[in-house]
Every structure is written in structure tokens, then in C-alpha cells.
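Me: I have a structure open and want to talk it through. Can we go step by step?

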Amino acid sequence: MLFNLIVGAIAGFATRYFENFPNTILVGKYKMSKPEQHVLAFAILLLGASILISLGGRDGLPFALIFGASIGYFHKYLWDICRDQYKTFRTDADDDVSNEDA
């Protein structure tokens, strides 16, 4: 399961770097919008990750693969959310400490 999670996270992280790859293959044949390129690259990399997992002889748990890929793809947003929550928590904790001193 951990292997699936790691492979999924790598596939999700790599999506941003391979999003132009489907466009270069389909040049001149089909016009794709930018969001469609993101989804297609994500799907191709998840397919490759699942093939890698099956070739490795591991149990292919799709939830772990998708969860890892989501973390890898949205890591910047998740990091910002966690940082904002931490700042809010620290501010509330500092306010509680200053209220106790008064």
C-alpha cells in the first residue's frame, strides 16, 4: 500500500511537467484546452503508475494510488492550507496566553 501511495505521489507531482507531452503527440490533429491537457496527462501518468505497480507484483490498491496522486498534484495548495492553519493556530494560542497573563 505504501508503494502505491509513493508511486501515485510521484505520478501526481510529475503531471505538471508532462502536461505538454500529450499536446506534442496530438499536434495538428486535435485542439485541446489547457485543463483538458492537465486531465489527460494526469490520466496517462496514473495509467503508467498502475502498470508499474502491476509489473512490480504489488497489490494494486486504487485508493492509495489516487490518494497519493492527489497529494502529489495538489501539494502546493495543501502546503498553503496547512501553513495558513498553522498561522491561525499560533495566533489563537498567542492570544490565549496573553489573555491569561492579563
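Me: How far apart are Arg83 and Asp80 in helix α5, counted in residues and in helical turns?
Reply: This is a predicted model, to start with. Arg83 and Asp80 are 3 residues apart in helix α5 (residues 75–101), so about one helical turn separates them.

Me: What do their side chains do?
Reply: They meet in a salt bridge, with 3.0 Å from N to O. A search of the whole structure finds 1 salt bridge.

Me: How accessible are Arg83 and Asp80?
Reply: Arg83 has 36% relative accessibility and counts as partly exposed. Asp80 is also partly exposed, at 32%.

Me: Zooming out, how many helices and strands does the chain have?
Reply: The protein chain has 5 helices and 0 strands. From the N terminus on, the order is α-α-α-α-α.

Me: What share of the residues is buried?
Reply: Of the 102 residues in the protein chain, 20% are buried. The chain exposes about 7600 Å², and carbon and sulfur atoms supply 67% of that area.

Me: And what about contacts between residues 24 or more positions apart?
Reply: Among contacts with a separation of 6 or more, residues 24 or more positions apart account for 64%.

Me: Now helix α1. What span should it have, and what is the distance between its ends?
Reply: Helix α1 covers residues 2–18, which is 17 residues. At 1.5 Å a residue it should span 24 Å, and its end C-alpha atoms are 24 Å apart, so the two agree.

Me: Which residues of α1 are buried?
Reply: Asn4, Val7, Gly8, Ala11, Gly12, Ala14 and Thr15 are the buried ones. The cover over the buried residues of α1 includes α3 (34–55) and α4 (62–73).

Me: Take Asn4. What is its relative accessibility?
Reply: Asn4 is at 1% relative accessibility, and the cut-off for buried is under 20%, so Asn4 counts as buried.

Me: How accessible are Phe74 and Tyr77?
Reply: Both are partly exposed: Phe74 has a relative accessible area of 40%, and Tyr77 has 48% relative accessibility.

Me: Which residues form the aromatic cluster?
Reply: Phe42, Tyr73, Phe74 and Tyr77 form one cluster. Tyr73 lies in helix α4 and counts as buried, at 14% relative accessibility.

Me: What does Tyr73 touch, leaving out residues up to four places away in sequence?
Reply: Tyr73 touches Gly12, Phe13, Thr15, Arg16, His38 and Phe42. Phe42 is 31 residues from Tyr73 in sequence, with 8.6 Å from C-alpha to C-alpha.

Me: Where does Arg16 lie relative to the ring of Tyr73?
Reply: Arg16 lies over the face of Tyr73, 4.6 Å from the ring centre.

Note on methods
Residues are numbered from 1 along each chain as its sequence is written. This is a predicted model: local features need pLDDT of at least 70, side-chain atom pairs count only at pLDDT 80 or more; totals for chains, interfaces and linings use all residues. Side-chain values use heavy atoms; hydrogens and water are left out. Helices (H or I, at least four residues) and strands (E, at least two) are DSSP runs, numbered from the N terminus. Buried means under 20% relative accessible area, exposed over 50%, partly exposed in between (1.4 Å probe, protein chains only). Contact means heavy atoms within 4.5 Å. Accessible areas come from the Shrake-Rupley method with a 1.4 Å probe; for residues, only the protein chains shown count as cover. Rings of Phe, Tyr and Trp (its six-membered ring) pair if their centres lie within 6.5 Å; planes under 30 degrees apart count as stacked, over 60 as edge-to-face and the rest as tilted. A charge sits over a ring if NZ of Lys or CZ of Arg is within 6 Å of the ring centre and within 35 degrees of the ring normal. The expected span of a helix is 1.5 Å times one less than its number of residues. A salt bridge is a side-chain nitrogen of Lys or Arg within 4 Å of a carboxyl oxygen of Asp or Glu.
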